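The following paragraphs go through one protein chain, from its overall make-up to single residues and their surroundings. Please keep the sequence and the coordinates open while reading.

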Amino acid sequence: MSLLTVDQLGKAYRSYHPEWRRFARWFGMPFKPSSETWVLRHVSFSLAPGEALGIVGQNGAGKSTLLKLITGTLQPSEGRVIAQGRISAILELGLGFNGELTGRQNAIHASGLMGAHHDQIIEAIPSIEAFAEIGAYFDEPVRTYSSGMQARLAFAVATAFRPDILIVDEVLAVGDAYFIHKSANRIREFQQAGTSLIVVAHDRAAIQTLCDRAILIDKGMPLMEGAPETVLDFYNALIAEKESATIQQKTLPDGRVQTLSGTGEASVIDIQLRDTDGRPLEYVVVGQEVVLMVDILLNADLPELVFGYLMKDRLGHTIFGTNTFHQKIPLEELKKGEQLHLEFRFKADLGDGSYSISTALHTGDTHVAQNYEWQELALVFTIHNPHQAAFVGVNWMPPTITLQR
C-alpha cells in the first residue's frame, strides 16, 4: 500500500501579455503564454507506510517547490499528488507563526490549521510546551524568539499529533545538538509507528541515518534515485563537477556502487593499507598501527595539488577525514608524468565492521575548488576484535576506570 503517490509532477510559472489572456484561459480560450518557466518537471515516486525518502539537490534545484506541491500550498502545472492520511510539514522555521502572538497562541492556531479539534489541541498544549523546552518564552511573543527557539516550537507543534506523512525541510540543521537528537528520536518513533517521512537536508548524516532511499533533483528534474549513500556520492561529485569533468558510477563485486568524478589532471593509481612491516592488510585488529600508502600520477603540469581521504563506516557515515592542505604538506610545481608516493600512519582505533576510504585530488582546502579526481570506495577493509574487551560503536576509546566505595 502506498501512502503517497507523486505522478509526473511539474510546476511552471507563466506570464501573459496582455494579462487578460490569463483569465481567458480559465474559461477555456486557447491563448498561449508569452513566456513559460518550468521550475520542476517529471517527478514521480511513491512512499509506503514507515518508509523514509530523502530529497537532495543544490539550492534552486526545485526541492522546496516539490514539497509545496505535495502539501497543497502550490498547485501543479502537470501531474498529480495522491495522499492517503494526514500530512504534517515543517517547511519553514516559523511554520506560519504570527510574531505578535505568543508561542502558546501560535501553537493553538497552528494546530487548528493542521486539522486538530479544539479538545485535542487543549489536551496537546502541555506536551507541546514540554517538548519545545523554551520555558517562560512559551507565553512571550514569537518575535522575541531566536531562530533556534522558533525551530523548537515549530517542530513541537508539527509533531504534536502523529501524522501519516511527515515532511521535514532542513529543520534538523537548526538548533542545539541536544534538541537535534531529541527531534531525530521522535522522528524514529513515528517511523516505527508507521509514519512515512520525507526529509530535505544538506546534512549527509541526516539523510543516511533516517532515509531508506533518496532522490537527487537537479535543475528541476529528477536526476537519480537509489540508496542514500549512492545518491549522495553522486551528488557530492555533481557539486564538484566543472565544465570538463565527468561522473562515472560502477557496481563493485560486493554490490556497492562506486562513484568516480573529476577533470583528470591527476589520478590515484594505487592505494593500499599495510602494517608497519609493509605487509598488505585486508583485516585489521582493533588499535593496530597501520600505514595508508597512496601512489599518484600527474597527467598534467600543476602548480598545486592537494590529496585528501575520508574514512567511512559501512553506512557511509564519515569517521575521519584530512588532507595535505590541512596537514601542511605542500605539493607544488608538479610536472606531467611525475609520480608521488604518500604514506599516512595511524592507529586503527575503530570498532568491529567494514570501512571504506574515499580519495580526493584537488586544489585548496576542499575538492569543490578544483576537482581533479574524487573516488568513492577506493579501498575497503575490515576491523575485527580478537584481543580487546568487548565494546560497541565505531570508535575504540577504552576508559581508565576508578572505583571508590
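Contact here means heavy atoms within 4.5 Å. The model is a predicted one, in which local features need pLDDT of at least 70 and side-chain atom pairs count only at pLDDT 80 or more, while totals for chains, interfaces and linings use all residues. Residues are numbered from 1 along each chain as its sequence is written, and side-chain values use heavy atoms, with hydrogens and water left out.

The chain has 405 residues, of which 47% are buried; buried means under 20% relative accessible area, exposed over 50%, and partly exposed in between, with a 1.4 Å probe and protein chains only. Its secondary structure comes to 8 helices and 20 strands. Helices (H or I, at least four residues) and strands (E, at least two) are DSSP runs, numbered from the N terminus. Along the principal axes, the C-alpha atoms fill a box of roughly 75 × 75 × 45 Å. Among contacts in the chain with a separation of 6 or more, 71% are between residues 24 or more positions apart.

In soluble globular proteins, nonpolar side chains tend to be buried together. A nonpolar core is taken as a set of buried Ala, Val, Leu, Ile, Met, Phe, Trp, Tyr and Cys residues joined through side-chain atoms within 4.5 Å. The largest such core has 45 residues, and the members that touch the most others are I128, L153, L197, I207 and L216. Helix α5 (residues 147-158) provides the largest share of this core, with 7 residues. Beyond its neighbours within four places in sequence, L153 is in contact with F97, G103, I128, A132, F138, V142 and Y145. A second, separate core holds 34 residues, including I357, Y372, F381 and I383.

Next come the aromatic rings. Rings of Phe, Tyr and Trp (its six-membered ring) pair if their centres lie within 6.5 Å; planes under 30 degrees apart count as stacked, over 60 as edge-to-face and the rest as tilted. The structure holds 8 aromatic pairs. The F155 and F179 rings are edge-to-face, because their centres are 6.3 Å apart and their planes stand at 85 degrees. F155 lies in helix α5 and F179 in helix α6 (residues 177-192), so this pair ties together parts that are 24 residues apart in sequence. Both residues, F155 and F179, are buried, and F155 has a relative accessible area of 0%.

The pair Y355 and F381 is stacked, because the ring centres are 5.9 Å apart and the planes are at 20 degrees. Here strand β19 (residues 353-363) holds Y355 and strand β20 (residues 370-384) holds F381, so the pair ties together parts 26 residues apart in sequence. Y355 and F381 are both buried. Elsewhere, F307, Y309, F320 and F344 form one aromatic cluster.

F344 also belongs to strand β18 (residues 339-347), where L340, L342, F344 and F346 make up the covered face and Q339, H341, E343, R345 and K347 the uncovered one. In a regular strand the side chains alternate between the two faces of the sheet. Strand β14 (residues 289-298) runs antiparallel to β18 and is joined to it by 9 bridges; two strands pair if DSSP finds at least two bridges between them.

R41 lies over the face of W38, 3.8 Å from the ring centre. The charged end of R186 is over the ring of F131, also 3.8 Å from its centre. F131 is touched by K182 as well, along with A130 and E133, when residues up to four places away in sequence are not counted. K182 is in helix α6 and is buried, with a relative accessible area of 18%.

What lies around S88? Its contacts, apart from neighbours within four places in sequence, are M114, A158, P163, I165, L166 and I167. S88 is in strand β5 (residues 87-90) and counts as buried at 3% relative accessibility. A polar atom of the S88 side chain lies 2.7 Å from the backbone oxygen of A158.

Finally, helix α2 (residues 63-71) has K63, T65, L66, L67, L69 and I70 as its buried residues. G72 follows α2, with a positive phi near 90 degrees.

Conventions:
A charge sits over a ring if NZ of Lys or CZ of Arg is within 6 Å of the ring centre and within 35 degrees of the ring normal. A polar contact is a pair of N or O atoms within 3.5 Å; within protein, one must be able to donate a hydrogen and the other to accept it, and residues adjacent in sequence count only if both atoms are side-chain atoms.
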